[in-house]
Amino acid sequence: MLRNNARLLLKFSIRSSVAKRRSGAFDKISSRPFTVLQQSSDKRQSNLLQCEALNAPKSTLKTTASTDQLGERQIQPDGPITSPEILSTNATNEFTTRTHTCGELRADHAGQSVTLCGWLEFSRMNKFFTLRDGYGTVQALIAEEDGPRIPLDGLPFESILRVTGKVQLRPDGQQNRFMPTGEIEVHVEQLEVLNESKKRLPINVKDHNRAKENLRLEYRYIDLRNAQMQRNLRLRSQVIMKMRECMINDFGFLEVETPTLFRRTPGGAQEFVVPSRKPGHFYSLVQSPQQFKQMLMVGAIDRYFQIARCYRDESTRPDRQPEFTQLDIELSFTDREKVIALVEAVLRKSWPFTDQPLKGPFPRMTLADAMDRFGSDKPDVRFGYELQNLSSLLPPQDQLVVSGVREQDFRAYAIVIRAQEARQLPGGVRKTLDKIAKKSNYCKFTMSKITSDWNTGPIVRLLGQSATEAVSGKLNLEPDDVLFLGWGKQSYVQNMMGRVRLAVYEMLESRSLVPKRATHAHSFLWVIDFPMFAENEDTGTIESTHHPFTAPHPEDASKLADSVPADAELFKIRSLAYDLVWNGVEIGGGSIRIHRSELQRRVLRDVLNIEHDHLGHLLDALDSGCPPHGGFAIGLDRYVSLLCSAASIRDVIAFPKSLDGKDPLSKAPVPISEEEKRIYHIKVIE
């Protein structure tokens with residue numbers, strides 16, 4: 001009987017007059033935590049029974065019996081909960097039983113009757129409590145004489161309440177300037193428990209004491225109540241909505257959904273395999289809609305876009321998930337300049353920070369320049385410490401010889417930290433940078449502090465006297481400067497020094513010795529002129545730098561017109577690919593595509609040695625009158641995570657996977673039954 005009564009929804013009629021408003025012991029509700037003693041189960045049930053009998057003469061509550069979605073009887077008021085004159089103009093309240101959200105009430109609402117719905121965030125003295133929903137938090141006050149009839153102190157936090165009352169200004173000196181609703185409070189007239197939470201939730205919703213990420217992912221449905229997650233997901237929705245409106249209303253693009261189940265795409269990332277009921281036949285989840293959007297161009301859908309779901313069976317990282325979302329764009333009769341202009345226009349129109357509008361055009365940098373100056377194909381240009389190319393001063397001889405590196409591939413780069421910052425470098429900097437160097441093949445690294453006799457010191461054994469003096473003169477080295485020097489195979493040493501550059505700046509930044517990088521700095525950068533082909537560092541085979549459907553640069557296209565050149569010339573062919581980088585993160589990439597089947601076959605068959613029989617549908621499409629076309633894809637997860645200054649893209653995805661690619665919430669992937677294995681002709685080999 002007690003259990004059934006505890007499930008009943010509670011309704012309270014509370015006097016709106018507030019006498020003896022606050023006791024001196026009350027510390028007004030703010031963002032800091034409180035310690036609250038939980039009532040025992042017996043006491044809680046006792047309170048529930050007491051509140052069930054709220055038919056005392058003091059109450060004016062009228063009730064009727066009805067049935068909720070579980071078929072249980074509940075108590076509801078006669079007539080509508082709210083009247084039209086108190087409805088909010090906020091569209092988020094339409095079609096709901098509330099009049100306002102918890103976050104929208106301000107001083108202008110004083111005197112209005114409101115109905116709020118939300119989670120019980122905190123309560124104190126059976127008198128004050130805060131109610132939270134996805135839009136904010138508001139403080140509510142119960143009249144002191146009505147407190148004994150309301151078991152608020154026994155209600156577990158995160159229970160669902162509906163509260164009706166009047167908005168009143170807080171007394172002078174008791175406003176909370178840290179809360180958007182801190183000027184007002186709601187004087188409660190009715191309170192209804194819509195659903196009681198269990199007493200001890202596995203994670204805390206508060207900002208100041210969040211659980212570790214794995215636990216938050218396991219109980220994501222609770223973690224989503226956190227204010228930061230609410231802000232992130234709402235900002236994501238806003239940005240995507242503006243992108244969609246821009247593509248359709250401003251630029252006349254057609255949104256087309258393409259299949260998720262497809263077949264393997266050659267030359268790309270590892271794909272997820274999906275079994276079918278036909279023995280030995282499988283689908284693959286698309287890693288992008290690349291082939292579909294090209295065939296849409298053939299089909300005269302000449303301005304296509306979609307918010308596309310994509311899948312790659314790769315290891316996860318803070319900026320990578322096995323399933324991700326991108327704004328996918330393709331259009332016909334275009335060129336690189338026009339696609340770049342389109343992407344910039346979309347970003348400007350969807351930029352969420354109206355007080356700091358985004359301006360264009362964005363600067364550009366060739367890949368060769370980016371690697372030579374920053375050691376990265378996605379350079380962070382918010383700070384200096386650029387690489388200094390010393391290859392002409394340091395020939396690959398004597399101590400600088402690196403096994404396996406040909407003379408024509410040898411490069412040497414330096415980074416100089418001037419004395420003012422160098423004196424503040426932590427003692428462990430050498431150990432940290434040595435770890436970076438050890439992970440880099442075909443190159444070597446050294447760190448050297450400049451002294452008054454540096455030109456004649458130990459560095460001479462490494463570089464030689466003349467080279468040491470030449471380096472000192474070129475870099476204008478002064479006592480107490482620190483020199484970081486790397487040498488070896490070009491691409492390897494560039495990447496190593498790029499990582500050294502970032503690591504050194506992060507060390508100084510964490511100690512406030514250099515300017516902190518602005519998270520929303522307008523440092524967008526186009527990286528262009530990628531090589532069309534590259535040598536795989538592990539296998540030595542030739543592969544596409546982007547994907548095998550990328551067109552060659554017009555100035556280099558003649559090299560592939562009739563035959564395949566030697567490797568030395570092949571690697572010099574530039575493609576019409578372009579990447580967009582923001583704050584050192586690649587947020588999107590695209591290219592002009594090959595639209596002639598003859599050239600596409602040559603690339604697949606003669607250059608990449610990829611069997612292309614399974615691409616017959618695409619090659620036939622190119623033979624069917626395919627217009628010149630190109631496109632771009634913005635990685636929405638990465639982009640939004642930067643907009644939100646999130647540490648990981650997992651913080652802007654409602655239900656992400658963990659670092660090992662698993663779903664902590666459902667525990668997927670999980671084994672399947674023997675019957676399912678039989679249906680899909682699967683045999684598991686340990």
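Predicted model: local features only at pLDDT ≥ 70, side-chain atom pairs only at ≥ 80, totals over all residues.
Residues are numbered from 1 along each chain as its sequence is written, and side-chain values use heavy atoms, with hydrogens and water left out.

Helices (H or I, at least four residues) and strands (E, at least two) are DSSP runs, numbered from the N terminus. Helix α6 spans residues 290–298, and seven of its nine residues are buried, so α6 is largely enclosed by the rest of the structure; buried here means under 20% relative accessible area, against over 50% for exposed and partly exposed in between, with a 1.4 Å probe and protein chains only. Those buried residues are Q290, Q291, F292, K293, Q294, L296 and M297, and they pack against β10 (261–262), β13 (303–311), β14 (323–332), α16 (616–622) and β25 (629–635), where contact means heavy atoms within 4.5 Å.

Let me turn to helix packing. Two packed helices are described by the angle between their axes and the distance between the axes; the axes are lines fitted to C-alpha atoms, for helices over the stretch in contact, and angles run from 0 to 180 degrees between N-to-C directions.

Helix α10 (residues 429–438) packs with helix α13 (residues 490–510) at an angle of about 155°, the axes being 10 Å apart. That makes α10 roughly antiparallel to α13, given that angles under 35 degrees count as roughly parallel, over 145 as roughly antiparallel, 65 to 115 as roughly perpendicular and the rest as oblique. On the α10 side the contact is made by V429, T432, L433, I436 and A437, and on the α13 side by M496, R499, V500, A503, V504 and M507.

Helix α8 (residues 367–374) also meets α13, with axes that come within 8 Å and cross at roughly 55°, which makes α8 oblique to α13. Here M371, D372 and F374 of α8 make the contact with Q494, N495, G498 and R501 of α13.
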